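Please read them beside the sequence and the coordinates.

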Amino acid sequence: MQVSTVAPTQPRTLQLAQKRILVLGSALHTQSVDAFAWNDLPGYLNVGDYDVIILNLVSFLEQQSNFGIRAERLPTWQQIARLLFSPNSEVICIGLPGVDANNSLYQSTSWWLPVTPEFVFNSGEVIRNIKPEFAYYFEHVRRWFFYATPSFKSHFMGLAGYLRVVHPWANNLQVGMGAIAHTRFNQAIAFKLIFRAGYVDRSRALPARRGKDAGVEPLLTSGVAVWLPPPTEISADEAISLILRERYRRAVDVATPEWVATYQLPQQQAIAAQVNERQQEIERLQQEIALAQKQLEATTSLNRLLYEQNQEALTLIVCDALRELGAQVSDAKIGADSTSSGGIMHLTDPSGREGMLLVKTRAGELPLNDLRQLDQYVRDLMLNQNWRGKGILIANTYYTQPPEQRNEPFPSNCIRAAQQLFGYCLVTTTQLFQAIATHQRKELDSREFWNAIFEVNGVCPLPELSAQEVSK
């Protein structure tokens, strides 16, 4: 595997507005850029989804020393390699090269590059030959702390593993380096790198007179990697905001300092008081809405009188409706041992009359057997407890159809049996629903309602459901 240097070239670039930008190490406030602190990297993050990455290596070293970074959340060198060798990509880092001896990850700040220049750590104040595209940045750099030499070193064993990620045939890497700013003695304190992955056929000997790049078949050229020294006059966060604004035309919101809250104008105080008052009003209304919502849900449950298909569930709803109309309803105790009936209910109307209630659901008309079941319950009570009262059967028939489209709920044999044999009252859930609607409008004659149930044998004469009557 070989590394050689070539002259840097500027790749074709996307329009600024099209670039997807990721900032790592600075949690900036902006909607146009994704930004995360090193100690708050999401597990789903994939740097390959972006065109530009800006790395804050100043905070990287600081948070390593404070054990604030989760190593498994850091972007892998494989992810950054794929990004770097994708079209129009850029990676910009701000900070010092090398490893902080006190850090907890022992992670070099140059882990994201395949090779780096040999760095010399020194310092000085003279900065020359600044490229115009970064002149705005160096207005905030008054001292440098390292410089880069033209000699390169690899971070990967022979680069073979790195190049396999970039291209399956690559076995040669060429590096182009261009200085962005120099020291007084013409050493680069900021620079650009461009890489070219290539293939060299080792099976053929090359003539000695050919150059060092002879026989290299170019395969893939990287985007641009930029290394900038840390600013001395502003923070690294401010420097990244400056790059976003000047280089990529992206606005970053300036965070409001906490101490500003102590300096409020009179109009601010008045408006803040109004906001607080409105918030309290909203909270009060929200509480009222929550209470009303519960009441609505309780009332809406009675609509199931019209469509409920489960007999046990319908029995509970019918009991609730009858209680709203003034009745007392409870489980009936049938048998010598007063065990629960398992479906029939004991009912007492407001005037004290007693009845045995059976609720039924049917997809069609009511069968005679349902009436016989009620009669058996009533006779058991008469024999075992000497009970006397009214048998009442409330049914939801043809429950899959709208009420106005339903056929007659009770066949003639049921009506004759209820009238002539048993003396029971047959009621539909649609009649009960209509009675509830009339009651809630305070128009129901309660005495007339209960007389219709307790004094009539056969079909109850209560009015059937009318959509116009319910909604008026």
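This is a predicted model: local features need pLDDT of at least 70, side-chain atom pairs count only at pLDDT 80 or more; totals for chains, interfaces and linings use all residues.

1. With a relative accessibility of 46%, arginine 278 falls in the partly exposed class, and its salt-bridge partner is glutamate 277, with 3.8 Å between the closest N and O atoms. Glutamate 277 is likewise partly exposed, at 47% relative accessibility. The pair qualifies because the cut-off for a salt bridge is 4 Å from a side-chain nitrogen of Lys or Arg to a carboxyl oxygen of Asp or Glu.

2. A second pair to look at is aspartate 320 with arginine 323, whose side chains meet in a salt bridge with an N to O distance of 3.3 Å. Both residues belong to helix 7, which runs over residues 311-324, and because they are three residues apart in it, about one helical turn separates them. Aspartate 320 has a relative accessible area of 42% and is partly exposed, and arginine 323, at 39%, is also partly exposed.

3. How far apart are the closest N and O atoms in the salt bridge between arginine 362 and aspartate 370? The distance is 2.7 Å. Here the two partners fall in separate accessibility classes, since arginine 362 is partly exposed at 30%, whereas aspartate 370 is buried, with a relative accessible area of 3%. Elsewhere, salt bridges with shared partners link Glu90, Glu133, Lys192 and Arg247 into one network. A search over the whole structure gives 16 salt bridges.

4. On the surface, Leu96, Phe121 and Phe145 make up a nonpolar patch, and together they have about 270 Å² of accessible area. Phenylalanine 121 sits in strand 6, which covers residues 115-124, and with a relative accessible area of 52% phenylalanine 121 counts as exposed. For the protein as a whole, the accessible surface is about 25300 Å², and carbon and sulfur atoms account for 49% of that area.

5. Turning to the interior, 44% of the 472 residues count as buried. The largest nonpolar core holds 43 residues, and those with the most contacts inside it are Leu24, Trp38, Leu55, Trp112, Phe195 and Trp227. Strand 9, at residues 188-200, supplies the largest share of this core, namely five residues. When neighbours within four places in sequence are set aside, tryptophan 112 is in contact with Leu55, Leu57, Ile80, Val91, Cys93, Ala225, Val226 and Trp227. Cysteine 93, one of these contacts of tryptophan 112, is itself buried, with a relative accessible area of 0%.

6. How many disulfides does the model contain? The count comes to zero. Cysteine 460 deserves a separate remark, as the nearest cysteine sulfur, which belongs to cysteine 425, is 4.3 Å away. Cysteine 460 is therefore in no disulfide, because the two sulfur atoms would have to be within 2.5 Å. At 3% relative accessibility, cysteine 460 is buried.

7. The fold comprises twelve helices and 17 strands. Among contacts between residues at least 6 apart in sequence, 73% join residues at least 24 apart. Valine 141 lies in the loop between helix 3 (135-138) and strand 7 (144-154), and at 3% relative accessibility valine 141 counts as buried. Leaving out residues up to four places away in sequence, valine 141 touches Ile127, Pro229, Pro230, Pro231 and Thr232.

8. Asparagine 88 is in the loop between helix 2 (77-84) and strand 5 (90-94), while asparagine 186 is in the loop between strand 8 (172-182) and strand 9. Asparagine 88 is buried, with 13% relative accessible area, whereas asparagine 186 is exposed, with 51%.

Note on methods
Residues are numbered from 1 along each chain as its sequence is written. Side-chain values use heavy atoms; hydrogens and water are left out. Buried means under 20% relative accessible area, exposed over 50%, partly exposed in between (1.4 Å probe, protein chains only). Helices (H or I, at least four residues) and strands (E, at least two) are DSSP runs, numbered from the N terminus. Patches are made of residues with over 30% relative accessible area and no salt bridge: like charges are joined within 9 Å, nonpolar side chains (Val, Leu, Ile, Met, Phe, Trp, Tyr) within 5 Å. Accessible areas come from the Shrake-Rupley method with a 1.4 Å probe; for residues, only the protein chains shown count as cover. Contact means heavy atoms within 4.5 Å. A nonpolar core is a set of buried Ala, Val, Leu, Ile, Met, Phe, Trp, Tyr and Cys residues joined through side-chain atoms within 4.5 Å.
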